[in-house]
Amino acid sequence: MGNARTLTKLVVATLGMFGFGFALVPFYYKICEVTGINSGDEQSLVRNTQVDTSRWVTLEFDANTNTALPWQFKPMQRSLRVHPGQLVQVEYEVTNSSNQAIVGQAVPSYGPARAAAFFKKIECFCFTPQTLAAGERRRMPVLFVLDPAMDREVHTVTLSYTFFDTGAKAQAADRREAAARG
Amino acid sequence: MSDAAHAHDDHGHHARPSGVMRWLTTTNHKDIGSLYLWFSFIMLFAAGSMALLIRAELFQPGMQLVQPDFFNQLTTMHGLIMIFGVIMPAFTGFANWQVPLMLGAPDMAFPRMNNWSFWLLPVAGILLMSSFLLPGGASAGGWTMYPPLFIQGGISYDLTILAVHIMGLSSIMGSINIITTILNMRAPGITLMKMPMFVWTWLITAYLLIATMPVLAGAVTMLLTDRNFGTHFFNAAGGGDPVMFQHIFWFFGHPEVYILILPAFGIVSQIIPTFSRKPLFGYASMVYATASIAILSFTVWAHHMFAVGMPVAAQLFFMLTTMLIAVPTGVKVFNWVATMWKGSLTFETPMLFSIAFVCLFTIGGFSGLVLAIAPVDIQLQDTYYVVAHFHYVLVSGALFSIFAGIYFWLPKWTGHMYDETLGKWHFWLSVIGMNTVFFPMHFLGLAGMPRRIPDYALQFTDFNQIATLGAFIFGFSQLIFLAVILKSIKGGARAPDRVWEGAEGLEWTVPSPAPYHTFETAPVVK
């Protein structure tokens with residue numbers, strides 16, 4: 001019958017438009033993303049003017065453990081291109097593969113060495129000794145800024161960490177770390 | 001209204017229950033049309049009383065009668081009820097009465113669904129009105145229901161959302177019924193381009209309702225889940241975006257504006273040719289203009305949001321599409337005037353209201369064009385200029401067309417002529433009252449008086465006092481209208497089949513009052 005067919009079509013249209021109302025939600029965010037309207041970047045009132053966007057520096061991340069320490073240690077990313085002045089966060093992952101809790105501490109070093117003074121760490125797992133239970137796996141962040149005052153000739157900076165078993169040698173590790181931070 | 005006198009005509013049909021059950025169980029399009037119109041009339045007095053309370057508070061600066069929070073409840077409920085409880089049901093009532101009569105159909109396509117469409121409305125009306133009695137009072141976040149305010153309120157906000165759901169469902173069911181009736185149940189010979197303009201405008205309106213009401217339902221569902229079920233569609237703290245609500249709401253809201261005015265265009269397009277004793281000028285262009293307005297209405301929504309912030313390109317787009325709508329609207333106004341041109345005009349009450357409609361709606365249209373200009377709108381956003389604009393299109397537009405339509409078809413419905421003298425009193429008091437309320441609001445808005453605020457700066461006092469005076473004239477003159485209707489139901493001069501000399505169309509071929517069942521065999525139209 002004609003009326004039943006018209007009814008079916010109109011009910012389908014109604015349900016379709018109800019769904020369309022909800023489809024507008026992802027659609028809205030997609031439009032904003034594509035056109036750059038309403039994005040967090042546009043809206044942030046304070047822009048970081050200390051970033052030197054005129055050059056790029058490649059950062060390489062390296063991780064080692066002292067042979068006496070039965071831990072696995074690796075960076076979550078091998079390298080990164082950043083502007084000096086930009087706030088950067090990277091992560092490392094460490095696993096205690098022994099069957100006992102061990103206290104370890106990481107010691108950073110930099111290549112080239114003259115970049116060390118411009119590598120400003122704000123937060124680092126190397127600031128404190130890390131205690132890992134047997135078999136524990138942990139991800140740890142490093143938050144830093146490359147000082148824009150760094151020589152323009154430096155195009156690549158390598159950040160290398162080595163984890164040591166602290167135990168009695170905890171004091172010495174702290175001193176070495178403090179010296180490295182300058 | 002075609003009541004007990006015709007009960008005996010019922011032989012051959014199932015027996016009709018009496019009393020309340022007759023109205024609760026009725027599937028007759030004329031009964032349901034009357035129910036819609038009475039519901040809308042009662043709601044007009046409810047929401048009108050709220051308006052008078054608002055105007056009474058605004059008679060003087062400072063706080064006199066009501067607390068600010070109650071004032072906000074009044075503005076919110078006045079808006080919601082006038083739109084969803086008065087204008088929309090009234091037009092649906094007209095559609096129920098007139099569409100089958102105009103098309104030579106025996107009834108609506110789905111009579112039982114028709115009964116449901118109506119009886120959902122009083123439920124929603126009770127939810128809205130009773131929310132005044134709840135702790136914290138009725139919802140006070142504005143009829144547009146913007147978050148974050150609307151996700152912070154108390155229980156009555158949930159009731160309001162539920163009521164909007166129910167009223168939306170009712171309109172969708174009504175629209176499905178109207179579309180199916182128009183598409184499938186026309187008498188042989190009535191092609192689409194021979195349909196009366198009222199039927200055309202309602203066909204297009206019903207499609208608009210089907211396209212937008214579900215979107216509103218989706219938007220308020222998101223509000224409901226944000227409020228109660230921990231979603232974050234619009235909650236910025238949870239990663240949502242309150243501006244997105246405004247986009248979704250106005251995607252519904254702007255076509256809704258045309259839902260509220262297209263049937264008015266239809267009614268006026270029936271009345272003006274009748275009292276000009278000339279066919280409607282430019283029938284085909286009227287149909288195309290109506291369809292263009294409906295299609296364009298989906299491309300203009302963000303002109304309600306210029307002040308929210310959007311790129312210049314978007315402002316230009318929405319500004320230009322909005323102005324483009326003036327073209328088909330202008331075609332309509334031109335056609336009405338051209339219909340009257342060199343006609344044999346007479347000025348019975350329906351014609352008076354229709355002429356007032358054409359003049360005053362045009363004023364509202366022009367103030368709309370002013371508001372469409374983005375840089376001007378940023379000045380006028382949320383001022384009384386906006387209030388003046390939308391009351392010119394909704395009161396002297398939609399409501400006046402409803403008055404006109406009631407006077408026009410009342411003799412057909414009741415079988416008695418209405419009292420022409422009282423009708424003229426009603427017209428003149430309404431038109432003077434209406435202009436006295438809303439015209440000064442243009443000046444208040446241009447001078448910077450914000451809307452939805454219960455207090456104002458001293459320099460706005462004079463115009464506010466004039467407006468309040470006009471509001472009471474306009475409000476109380478509606479009692480005359482009630483008297484006219486009751487008088488016409490009770491008795492009066494008998495109306496002939498063709499009530500008006502210049503009336504054309506199938507509804508004037510049936511007796512007055514229209515029998516309970518009409519066109520059980522389809523009429524033949526050349």
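This is a predicted model: local features need pLDDT of at least 70, side-chain atom pairs count only at pLDDT 80 or more; totals for chains, interfaces and linings use all residues.
Where in chain B is the place of Asn28(B)?

**View 1. Asn28(B) sits in a loop between two helices of chain B.** Look for helix H1 (20–25) on one side of the loop and helix H2 (29–57) on the other. Asn28(B) counts as buried because its relative accessibility is 3%, and the cut-off for buried is under 20%. Find the side chain of Asn28(B): one of its polar atoms lies 2.7 Å from the backbone nitrogen of Lys30(B). Leaving aside residues up to four places away in sequence, Asn28(B) touches Asp107(B), Tyr516(B) and His517(B).

**View 2. Strand S2 (residues 71–75) of chain A has a covered face and an uncovered one.** Trp71(A), Phe73(A) and Pro75(A) make up the covered face, while Gln72(A) and Lys74(A) belong to the uncovered face. Next, find strand S4 (residues 87–96) of chain A, which runs antiparallel to S2(A) and is joined to it by five bridges.

**View 3. Six side chains form a nonpolar patch on the surface of chain B: Ile363(B), Phe439(B), Phe443(B), Leu446(B), Phe463(B) and Ile466(B).** Together they have about 500 Å² of accessible area. Which helix gives the most to the nonpolar patch? That is H16(B), with three residues. Helix H16 (420–446) and helix H17 (461–490) of chain B each supply at least two residues. Pick out Phe463(B) in helix H17 of chain B. Phe463(B) is called partly exposed because its relative accessible area is 33%, which falls between the cut-offs of 20% and 50%.

Definitions and conventions:
Residues are numbered from 1 along each chain as its sequence is written. Chains are lettered from A and ligands numbered from 1 in the order in which they are written. Side-chain values use heavy atoms; hydrogens and water are left out. Helices (H or I, at least four residues) and strands (E, at least two) are DSSP runs, numbered from the N terminus. Buried means under 20% relative accessible area, exposed over 50%, partly exposed in between (1.4 Å probe, protein chains only). A polar contact is a pair of N or O atoms within 3.5 Å; within protein, one must be able to donate a hydrogen and the other to accept it, and residues adjacent in sequence count only if both atoms are side-chain atoms. Contact means heavy atoms within 4.5 Å. Two strands pair if DSSP finds at least two bridges between them. Patches are made of residues with over 30% relative accessible area and no salt bridge: like charges are joined within 9 Å, nonpolar side chains (Val, Leu, Ile, Met, Phe, Trp, Tyr) within 5 Å. Accessible areas come from the Shrake-Rupley method with a 1.4 Å probe; for residues, only the protein chains shown count as cover. A salt bridge is a side-chain nitrogen of Lys or Arg within 4 Å of a carboxyl oxygen of Asp or Glu.
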